[in-house]
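Grab a pencil and open the viewer. Below are a few exercises, each with a solution you can follow step by step.

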Amino acid sequence: MDNYVQTILSDDSESESESSEASLEFMTSNVGVMYDYKGSQERMLDERTAQHYIEKRNKYFTPELLHHTLSVTDVDTRDKKIDLTTFGLDLRRVIGFKLVKAVFQLSGANQGGYIDIVSNEIPYIACTKNSNGEHLLQRVPNPLSTLFMYYENKYIYREIYFTPIELSVIHLTCMSSDNNPCTNAHLEFEVTVLNTNE
């Protein structure tokens, strides 16, 4: 059934003597055309308050937090500078940053140890604590003796937030436990941003 608006001009017999003004009425099956919002405590057709619908709308269509996934390639032991403005995202209010998954190409020497993913731009509160005080995003164990290693973060649902920062550039480094090169790392991160207009 299509929603439509039919305009009806009706002459009011009482007002006809005083003036020749015609009143305008809408005949439609769309309740929103005639809806006049009276406040958050107003009762809707199903007897719920308008505030209930406002909260649902805000939760699903204007959430407080936005989660973006960033994919970065060719990270190695050298300091790789990544310009995050090229991703086309507004990263002025970043409150969370974590590794989701990674693929590493390993040399024969660094098999059986671990790989540290380091970035000094991420606040230390969101990093894995270590004795060196490095801003360690993740320590990835490497128990296998293979040339390629796939890693998924098992703590992906753990949220650690920090004071909002602007994150336009990030420097990433992959360091292995035995200082041997880790080459061609492909990393995927989740960035959490405050969704406000301030």
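**Exercise 1.** With which residue does Lys 98 form a salt bridge, and how far apart are the closest N and O atoms?

*Solution.* Keep in mind that you're looking at a predicted model.
- Step 1: Start from the idea that side chains of opposite charge can pair when their charged atoms come close.
- Step 2: Find the partner. Lys 98 forms a salt bridge with Glu 159, and the closest N and O atoms are 3.3 Å apart.
- Step 3: Check against the cut-off, which is 4 Å for a side-chain nitrogen and a carboxyl oxygen.
- Step 4: See where the two sit. Lys 98 is in strand 5 and Glu 159 is in the loop between strand 8 and strand 9 (169-176), so the pair ties together parts 61 residues apart in sequence.

**Exercise 2.** Are Lys 98 and Glu 159 buried or partly exposed?

*Solution.* 
- Step 1: Recall that buried means under 20% relative accessible area, and exposed means over 50%.
- Step 2: Lys 98 has 12%, so call it buried.
- Step 3: Glu 159 has 37%, so that one is partly exposed.

**Exercise 3.** Which residue does Glu 190 form a salt bridge with, and at what distance?

*Solution.* 
- Step 1: Glu 190 forms a salt bridge with Lys 98, with the closest N and O atoms 3.7 Å apart.
- Step 2: Glu 190 belongs to strand 10 and Lys 98 to strand 5, so this pair links parts that are 92 residues apart in sequence.
- Step 3: At 17% relative accessible area, Glu 190 is buried.
- Step 4: One of the links is Arg 92 with Asp 90, at 2.7 Å between the closest N and O atoms.

**Exercise 4.** In what order do the 4 strands of the open sheet lie, and how do they pair?

*Solution.* 
- Step 1: Reading across the open sheet, the order is 3-10-5-8, with antiparallel pairing.
- Step 2: Strand 3 (65-75) and strand 8 (148-152) are at the edges with a single partner strand each, so one side of each has no neighbour in the sheet.
- Step 3: On average, neighbouring strands are turned by 20 degrees against each other, direction ignored.
- Step 4: Zoom in on strand 5 (residues 94-106) and strand 10 (residues 182-194), which pair over 10 bridges. There, Val 103 has His 186 in strand 10 as its bridge partner.

**Exercise 5.** Which charged residue sits over the ring of Tyr 114?

*Solution.* 
- Step 1: The charged end of Arg 139 sits over that ring, 4.0 Å from its centre.
- Step 2: Now try Tyr 124: Lys 129 lies over its face, at 5.1 Å from the ring centre.

Definitions and conventions. Residues are numbered from 1 along each chain as its sequence is written. This is a predicted model: local features need pLDDT of at least 70, side-chain atom pairs count only at pLDDT 80 or more; totals for chains, interfaces and linings use all residues. Side-chain values use heavy atoms; hydrogens and water are left out. A charge sits over a ring if NZ of Lys or CZ of Arg is within 6 Å of the ring centre and within 35 degrees of the ring normal. Two strands pair if DSSP finds at least two bridges between them. Helices (H or I, at least four residues) and strands (E, at least two) are DSSP runs, numbered from the N terminus. Axes are lines fitted to C-alpha atoms, for helices over the stretch in contact, and angles run from 0 to 180 degrees between N-to-C directions. Buried means under 20% relative accessible area, exposed over 50%, partly exposed in between (1.4 Å probe, protein chains only).
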